[in-house]
Amino acid sequence: MSSAFAAVDVIRAKRDGRVLSDEQIDWVVDAYTRGIVADEQMAALAMAILLRGMTPAEISRWTAAMIASGERMDLGGVGRPTADKHSTGGVGDKITLPLTPLVAACGAAVPQLSGRGLGHTGGTLDKLESIPGWRASLTGAEFRAQLSEVGAVICAAGADLAPADRKLYALRDVTGTVESIPLIASSIMSKKIAEGTGALVLDVKVGSGAFMKDAATATELARTMVDLGKAAGVRTVALLTDMSTPLGLAVGNAVEVAESVEVLAGGGPADVVELTLALAREMLDAAGLTDADPAKVLASGAAMDSWRAMIRAQGGDPDATLPSARETEIVRAVADGVVRSVDAYGVGVAAWRLGAGRARKEDPVSFGAGVVLHVKPGATVRAGDPLCELRTDETDRFAGARDLVTEAVVVDDGEFVPAPLLLDRIV
Ligand code: URA
């Protein structure tokens, strides 16, 4: 039987709601990575998986096949317990920036392989590239050396890490097949397991600015990923956290780096500090470093030292002035009242329209562009008070962003009930 027919058999089986065999999964993932299964066949299969779902055994085998498509790193030699964090993505989510050096300063090694932003959620590498000189690409040897010496690395994943996912994710992005729990869980976990971390904390976002808009789906995704991690021998825990409001006040690239540095200096917005410390505690716990107190380490300045060492090790100048946008515009309250909500999705898209994000993978980002909030939900404002600041290099981008933030920031005179940031913990 030719390969083309074998692919059609696998597509038909899933289309008709059947469970794929281990051999079918191993074959189709490997053949797709090698270019034997065509993009249109894999797109049809991804859509069948999205519509029909997969059993836990199928998800586990699919994840294993994606790991086997590339190199599996061994971080045994770095001399410290390893712990990593993965966020499913949100608006203003700069937590990796203060968290990585903080957890390293507490004694763990943090191998943080990160991505770039696409659409309304920002990318950690885009943010760090706003620091003059900083480079995202490291060789395997540089990665290991920095992990041993500094304990903290944030860099781009190499081409050998789960190449099946790299190809499949790009295909899903353009075929409406991203929003599938089996495909998201296997995509994220194949990369994290292949990276070789011993412990993993997942920050699964829920709300308008996240992939998962409701708690039930976010819980199912978290459960699926935690089970995959544990089955692969990675100590894995997930926190469900709110993403209906942007994290912190800054949304963009350089503005988020600046806010992260404020946190490392002992200040910064309360929600960013709360989530950084909660995730640090989970990572240290999962890594077996239960004596370390991340709040004390943050206050001591040791996390800032670790940040500076991490930035320098990748060619960056931690003292350099960050890029700023050429133009700014303030959006003001039109009436007195209380800020009821600041919609994460609206602010994320506004920052993207101002130039902080990209529409296509090859587009450049503007480092200085973004939105800086002046208020968070619960703040009392008077008519004329600033609600937020829009920053861009091109004034014609203001109009689209202004409309979005005007709708996103809701001011009224009703009672305000604060919403918790940490929603659930799944082990
Ligand atoms: N992030 C990933 O790496 N993969 C997905 O499928 C979704 C988010």
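Me: Which residue stands opposite Val338 in β12?
Reply: That's Asp412. Keep in mind that this is a predicted model.

Me: OK, and how many bridges join β8 to β12?
Reply: Four, and the two strands run antiparallel. Strand β8 covers residues 337-342.

Me: What's the strand order in that sheet?
Reply: The order is β10-β8-β12, an open sheet of three strands with antiparallel pairing. The edge strands are β10 (380-381) and β12 (409-412), and each of them pairs on one side only.

Me: Which helix lies across β8 and β12?
Reply: Helix α16, residues 398-408. It runs at about 45° to β12.

Me: Is the crossing left-handed or right-handed?
Reply: α9 passes α10 in a right-handed crossing.

Me: Which residues of α9 make the contact?
Reply: Ile181, Ile184, Ala185, Ser186, Ile188, Met189 and Ile193. From α10, the residues include Leu221, Met225 and Leu228. By class, the contact has nine nonpolar, four polar and one charged residues.

Me: Is α9 mostly covered or mostly exposed?
Reply: Mostly covered, with 14 of its 15 residues buried. From its first C-alpha to its last, α9 reaches 21 Å, close to the 21 Å expected.

Me: And what follows α9?
Reply: Gly196 does, and its phi is positive, near 90°.

Me: Where does Ala162 lie?
Reply: In the loop between β3 (152-156) and α8 (163-173).

Me: Buried or exposed, and why?
Reply: Ala162 counts as buried because its relative accessibility is 1%, and buried means under 20%.

Me: Last one, Ser260. Where is that?
Reply: Ser260 is in helix α11, residues 254-264. Ser260 also counts as buried, because its relative accessibility is 0%.

Me: What does Ser260 touch?
Reply: Leaving out residues up to four places away in sequence, Ser260 touches Lys94, Leu97 and Pro98.

Definitions and conventions
Residues numbered from 1 in each chain as written. Predicted model: local features only at pLDDT ≥ 70, side-chain atom pairs only at ≥ 80, totals over all residues. Heavy atoms only, no water. Pairing = 2+ DSSP bridges. Contact = heavy atoms within 4.5 Å. Axes fitted to C-alpha atoms, helices over the stretch in contact; angles between N-to-C directions. Buried < 20%, exposed > 50% of the residue type's maximum accessible area, 1.4 Å probe, protein only. Left-handed = near helix turned anticlockwise from the far one by under 90°. Nonpolar A, V, L, I, M, F, W, Y, C, P; charged D, E, K, R; others polar. Expected span 1.5 Å × (residues − 1).
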